[in-house]
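Please look over the sequence and the structure shown here before reading on.

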Amino acid sequence: MSAHSTGRPQPDFPYGPDDATWSAPVTPAGPGNGHAPVIAEPSRDPREVYPSDPELEVKEFEIPAGGLSPQQRKRALNRLETYLVGKHETMVGFQGNQDMAHYQQDLARFLEFHLNNVGDPFQQGNYRVNTKIVERAVLDHYASLWRAAWPYDADDPDSYWGYVLTMGSTEGNLYALAGARDYLSGKKLITEPGGGGEQMVYVQATPPAAGDGERGAQGRDHTYRPVAFYSEDTHYSVIKAVRTLDIDTFAAIGRREYPGQCPVADEWPMEVPSRGGAEGSGEIDVDALERLVRFFAERGHPILLLLNFGTTFKGAYDNVEKVAGRLVPIFAEHGLLERDIEFEPGRTDRRRGFWVHVDGALGAGFMPYLRIAAAEERTSELAVQLRREVKDKVPEFDFGLRVHGVDVVSSLVMSGHKWPGAPWPCGVFMTKNKFRVEPPAKPAYTGSPDTTFAGSRNGLSPLVLWDHLASKSIREHAATAVRALRTTRYLESSLRELEDRLDREDRLPGGGLHVDRSPMALTVRFRQPGDAVVEKWSLSCQPMPVNGELRHYAHVFVMPSVTEEKVDAFIEDLFAEGAFDRPEPRPLPERPAGAPGFAAEVRPLALVPRTGRGFQ
């Protein structure tokens with residue numbers, strides 16, 4: 001048997017017979033025996049396991065035991081580049097700016113370094129091959145855009161603190177909710193007594209004595225039992241976060257401890273309703289939220305509220321200012337604006353009983369530039385263009401928002417791969433010093449406090465964000481934002497004109513194209529076209545229940561890389577014969593009579609979506 005034979009038929013391989021083996025001969029390896037290292041053979045042909053894209057196949061990138069020659073590697077990478085160039089030109093369905101050509105020219109040289117920003121961005125640490133100085137410049141810039149106190153000052157409680165995320169906003173949401181949980185539940189890190197200041201320990205505030213705090217069901221004190229609120233249009237990562245962090249939602253507590261007492265419905269909803277439901281704009285129902293928050297504030301619970309600023313599918317913005325106007329008086333009435341927490345005799349802390357986190361994955365990167373455009377002279381060209389697109393004032397969402405004298409926002413995240421257009425997931429998390437629970441460790445190994453979620457962090461991401469911010473003036477960034485709004489309006493009108501064209505030719509699907517756009521959104525949703533259009537244009541699709549039927553929607557996000565010319569090409573594909581050949585909408589399935597519910601001992605904790613919110 002030859003060295004390239006494994007005793008069964010070999011798959012075709014694109015690089016020639018010399019490399020067409022799945023593995024080296026299965027022979028014991030050891031020092032000096034002259035044999036190649038042993039690697040396991042696959043139990044199945046990988047092409048049966050990994051679905052291929054119509055334009056690429058797994059076998060084009062299989063790695064034989066002997067590796068690939070430089071020519072073979074280049075051939076494979078050229079295939080991948082050709083594929084990605086084509087997809088890049090027709091990417092319109094997701095919140096990702098595709099304009100990234102300048103990064104290669106500016107930053108390719110930094111691929112020669114292992115850039116690791118481990119630890120706190122404001123302390124250099126022992127690993128000096130980092131970009132923390134650039135990271136601090138990026139953080140200062142976003143702090144200025146988000147109207148936080150900057151530059152960072154460790155001694156100022158109102159100073160911002162933050163870091164550049166290695167993941168996207170999912171990491172930021174997880175870190176924010178973890179900090180909110182510890183802050184609201186009365187945890188604090190103190191120097192261990194007698195430890196010489198070298199160790200830190202978590203301590204838990206002692207619940208107030210009987211009669212001192214608010215008490216709820218079964219006489220339990222709720223002073224340190226935060227309850228989370230978020231809308232039905234919230235990104236699915238938040239559901240993962242509250243379960244990972246074991247944070248109780250209002251639905252879980254309500255169903256368990258307050259059955260039949262929901263102030264907004266006969267049964268506790270799993271999430272705060274969105275205004276208008278599936279047919280609505282996608283922003284949180286402020287009236288329902290107010291009643292739900294009041295119910296739990298009256299019973300002594302700290303409030304953990306997550307608001308969206310650019311939802312995943314509809315691009316909706318929760319009205320942060322209106323929410324704050326409704327909730328701050330409730331917080332004041334029930335002692336949640338400030339409260340004293342005593343960890344042990346003589347050790348006290350004064351903090352809030354509420355936390356407002358804003359998931360601004362898209363909106364926090366985009367909206368500040370509209371505010372800059374709105375601040376120009378009314379006669380300036382940019383201000384005039386903005387008024388054509390935005391009839392009301394630019395919505396508030398950041399650290400500059402004050403309602404009844406209260407700075408409302410506790411934390412904020414943004415995704416760098418969305419509006420800025422980084423070539424990999426990244427982002428920015430930001431809060432204020434006064435809301436932080438100190439880090440659990442200051443390892444001697446790294447020499448920098450472990451204040452971030454990731455530990456080791458991608459040092460290239462700050463360079464990419466810095467390059468994006470530095471590539472244009474503030475006013476040029478603002479003009480790009482206004483232009484994106486104009487292109488979104490162009491897309492919406494083009495889809496409505498398409499509906500008329502199809503109707504005139506008697507080719508309009510029953511019920512029409514369902515074209516809709518939420519206020520100020522950078523996305524337009526419409527009837528899902530056929531698979532060929534979805535695949536070509538990388539459309540994000542989801543079904544939504546509307547008027548008793550399950551409608552299938554797609555949407556286009558107008559990032560800076562989407563031009564009117566690209567919109568025209570997309571519309572022509574939608575006008576082509578058969579573009580909307582899909583099954584007609586089906587009625588929503590009815591729950592069978594007598595269908596079993598949960599067992600008596602089962603407690604619903606959170607709704608995990610299988611469809612919607614861009615989950616699929």
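The model is a predicted one. In soluble globular proteins, nonpolar side chains tend to be buried together. Here the largest nonpolar core has 93 residues. Within this core, the residues that touch the most other members are W146, F229, F296 and L370. F296 shows what such contacts involve: with its neighbours within four places in sequence left aside, F296 is in contact with V227, F229, F250, I253, G254, Y258, W268, H301 and I303. There is also a second, separate core, made of 24 residues. Among the members of this second core are F526, V562, F575 and A579.

Helix α11 spans residues 381-389, and its buried residues are L382, A383, Q385, L386 and E389. These five residues lie on the same side of α11, because they cover an arc of only 160 degrees around the axis. What do the buried residues of α11 pack against? Their partners are α10 (363-374) and α13. The other side of the helix has exposed residues, E381 and R388.

Nonpolar residues also occur at the surface. F61, L77, L80 and L84 form a nonpolar patch there, and together they have about 340 Å² of accessible area. F61 belongs to the loop between α1 (46-49) and α2 (70-89). Its relative accessibility is 32%, so F61 counts as partly exposed; the range for that class lies between under 20% for buried and over 50% for exposed.

The last topic is the backbone. Two residues in the loop between α13 (474-504) and β13 (523-527) are of interest here, D506 and H514. Phi of D506 is positive, near 60 degrees, in a residue other than glycine. H514, which is not a glycine either, has a positive phi of about 55 degrees.

Another backbone feature is a cis peptide bond, which joins W150 and P151 with omega at about 0 degrees. P151 is located in the loop between α4 (132-145) and β1 (160-165).

How values were computed: Residues are numbered from 1 along each chain as its sequence is written. This is a predicted model: local features need pLDDT of at least 70, side-chain atom pairs count only at pLDDT 80 or more; totals for chains, interfaces and linings use all residues. Side-chain values use heavy atoms; hydrogens and water are left out. Helices (H or I, at least four residues) and strands (E, at least two) are DSSP runs, numbered from the N terminus. Buried means under 20% relative accessible area, exposed over 50%, partly exposed in between (1.4 Å probe, protein chains only). The arc is that of the directions from the helix axis to the C-beta atoms. Contact means heavy atoms within 4.5 Å. A nonpolar core is a set of buried Ala, Val, Leu, Ile, Met, Phe, Trp, Tyr and Cys residues joined through side-chain atoms within 4.5 Å. Patches are made of residues with over 30% relative accessible area and no salt bridge: like charges are joined within 9 Å, nonpolar side chains (Val, Leu, Ile, Met, Phe, Trp, Tyr) within 5 Å. Accessible areas come from the Shrake-Rupley method with a 1.4 Å probe; for residues, only the protein chains shown count as cover. A salt bridge is a side-chain nitrogen of Lys or Arg within 4 Å of a carboxyl oxygen of Asp or Glu.
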